[in-house]
Structures are given as structure tokens and as C-alpha cells.
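Please keep the sequence and the 3D view open while you read.

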Amino acid sequence: MRILIVEDDSALQRGLEQAIVGMGYLAQVVGDGEHADTLLAAEQFDLVVLDLGLPRLDGLEVLRRLRARRRQLPVLILSARDRTEDRITGLNSGADDYLPKPFDLAEFEARVRALLRRGHGAVTCFGRLEWHWESRQALVDGTALSLSPKDLILLESLLQQAGKVVNKESLAWRMGDADLAAGENMVEVYIHRMRRKLAPAGLAILTVRGVGYLLREEADGG
Ligand code: CA
């Protein structure tokens with residue numbers, strides 16, 4: 001999951017980036033509307049968090065240009081313009097949700113999860129595993145798996161990229177170890193544990209040497 005944060009206030013930039021990374025997603029931060037517009041025209045994101053009062057190009061104009069390109073990308077507007085008419089203008093311009101400043105980071109995270117879930121559907125089934133994106137619950141045959149916060153980030157990352165190899169280095173970074181060597185050892189420990197947790201669901205985690213990991217259904221007959 002790659003999320004673009006468009007915000008010109010540096011303290012808020014840091015807070016939002018930390019929140020997004022803490023949720024296990026990749027964050028890219030830009031501080032002006034023109035840079036945001038250029039990136040949105042050229043690159044793929046799963047969600048945009050968009051401030052309205054921005055230098056060089058107003059947030060609403062960034063949104064209008066994005067929608068004119070017919071992109072179905074979810075957009076969450078953040079703005080101190082909390083008057084009802086601004087909220088309505090934002091939603092009419094194609095925003096999916098609107099969060100007035102100041103806001104609580106827990107509320108921000110809940111809105112981000114809800115918007116990302118729409119893109120994914122509420123539940124992903126893989127093997128006999130059932131993953132609920134919003135509550136971040138993993139069920140196997142109706143029984144919830146017991147997962148630590150790092151387990152959740154690991155499993156969510158594997159499911160987000162199901163069918164593709166998830167890079168080990170980026171897992172270490174998402175799971176919160178800045179020291180790369182230590183982080184990669186930590187990832188190995190969690191992968192080992194996750195394999196045992198997922199075996200009853202008929203899922204295997206393959207090691208792709210020198211690259212990372214791939215989640216897939218176990219072949220019949222083992
Ligand atoms: Ca601003």
C-alpha cells in the first residue's frame with residue numbers, strides 16, 4: 001500500500017508519515033500542490049491524504065485535476081477549512097472523505113483504513129484464511145488467530161501483495177527496525193512463527209532467496 005501525503009506543515013507531515021508507517025503502509029510526503037499533481041499524474045498510489053491550503057497549487061485544484069484524469073483513487077481531505085460549505089465543496093470535487101483539522105491521529109487512522117478497505121473489499125479470503133481489512137482480524141475456520149502488532153504488519157503486507165514477492169528489507173522497515181541487519185533477522189523470526197500460524201489455513205510462505213517472501217496456497221497433497 002502506497003500513500004501520498006500532501007501537506008505543507010512540517011510538524012503535521014511528520015505526524016502523518018509516522019502514523020501511516022506505523023499502520024504498515026509506505027508513505028510519500030510532498031509539501032506543495034504542483035509537486036503532488038505531477039506525482040499523481042505519473043505514479044501509482046492507493047490513497048491520497050490531501051491538505052487544501054497548499055503553496056503553488058490549491059488542494060481543491062489538485063483534486064479537480066486528479067478527477068479530470070478519471071482516476072478512481074481514494075482521497076481523504078484534511079483541512080482547517082471546517083466550514084460546512086468547504087466540506088461540501090471538497091466532497092463535490094471528488095473527495096471520498098473529509099477530516100477537519102485539528103484531528104485525533106486515531107480518527108485519521110480509522111478513516112485511512114476505511115478508505116483503503118473500499119479499494120480492497122471488506123474481506124480477503126486466501127486458502128482457509130479470512131482477513132478483515134478494517135478490524136485487521138485473521139480468522140481460520142472461524143477462529144481468530146492470535147497476532148502481535150508486528151505479526152499484523154507482516155500478514156497485512158503479505159496479503160496486500162499476495163501473489164507477488166514482498167521485499168525483506170521493506171518488511172524490516174515496516175516492522176519498525178531501523179538497523180537493517182537486526183531488522184532482517186527479526187523478520188526471519190516472525191516469518192518462521194507466521195508459517196506455523198498459517199499452516200492450518202493451508203497457506204505457505206516461500207522464501208525467495210536474496211529478495212523476500214511470497215505467500216501462496218499450499219499445493220494439494222503437500
Ligand atoms: Ca496547509
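**A glycine to start with**

Gly127 is partly exposed, at a relative accessible area of 32%; here buried means under 20% relative accessible area, exposed over 50%, and partly exposed in between, with a 1.4 Å probe and protein chains only. This is a predicted model, in which local features need pLDDT of at least 70 and side-chain atom pairs count only at pLDDT 80 or more, while totals for chains, interfaces and linings use all residues. Residues are numbered from 1 along each chain as its sequence is written, and side-chain values use heavy atoms, with hydrogens and water left out.

**Around Gly127**

- You will find Gly127 in the loop between strand E6 (123-126) and strand E7 (129-132); helices (H or I, at least four residues) and strands (E, at least two) are DSSP runs, numbered from the N terminus.
- Leaving aside residues up to four places away in sequence, Gly127 touches Ala201, Leu203 and Glu217, where a contact means heavy atoms within 4.5 Å.
- Glu218 is 91 residues from Gly127 along the chain, and their C-alpha atoms are separated by 8.2 Å.

**Overall build**

- The protein has 8 helices and 12 strands.
- Its radius of gyration is 19 Å, close to the 17 Å that the globule rule gives for 222 residues, so the protein is as compact as a globular protein of that length; the radius is taken over C-alpha atoms, and the rule is 2.2 Å times the number of residues to the power 0.38.
- The C-alpha trace spans about 60 × 35 × 30 Å along its principal axes.
- Of the 222 residues, 45% are buried.
- Among contacts with a separation of 6 or more, 54% are between residues 24 or more positions apart.

**Surface and charge**

**The calcium site**

- Asp8 (OD), Asp51 (OD) and Gly53 (O) are the protein donors of the calcium ion, at 2.2 to 2.4 Å from it. Donors are N, O and S atoms within 2.8 Å of the metal (3.2 Å for Na, K and Ca); water is not among the atoms, so sites may look incomplete.
- Along the chain, these donors follow the spacing D-x42-D-x1-G.
- Asp8 sits in the loop between strand E1 (2-6) and helix H1 (10-22), and Gly53 in the loop between strand E3 (47-51) and helix H3 (59-68), so the pair ties together parts that are 45 residues apart in sequence.
- Asp8 is partly exposed at 38% relative accessible area, and Gly53 is partly exposed at 36%.

**Backbone spots to check**

- Most residues other than glycine have a negative phi, and most peptide bonds are trans.
- Arg56, in the loop between E3 and H3, has a positive phi of about 75° and is exposed at 59% relative accessibility.
- Asp141, in the loop between strand E8 (137-140) and strand E9 (143-144), has a positive phi of about 50° and is exposed at 55%.
- The peptide bond from Lys101 to Pro102 is cis, with omega near -5°; Pro102 belongs to the loop between strand E5 (97-100) and helix H5 (105-120).
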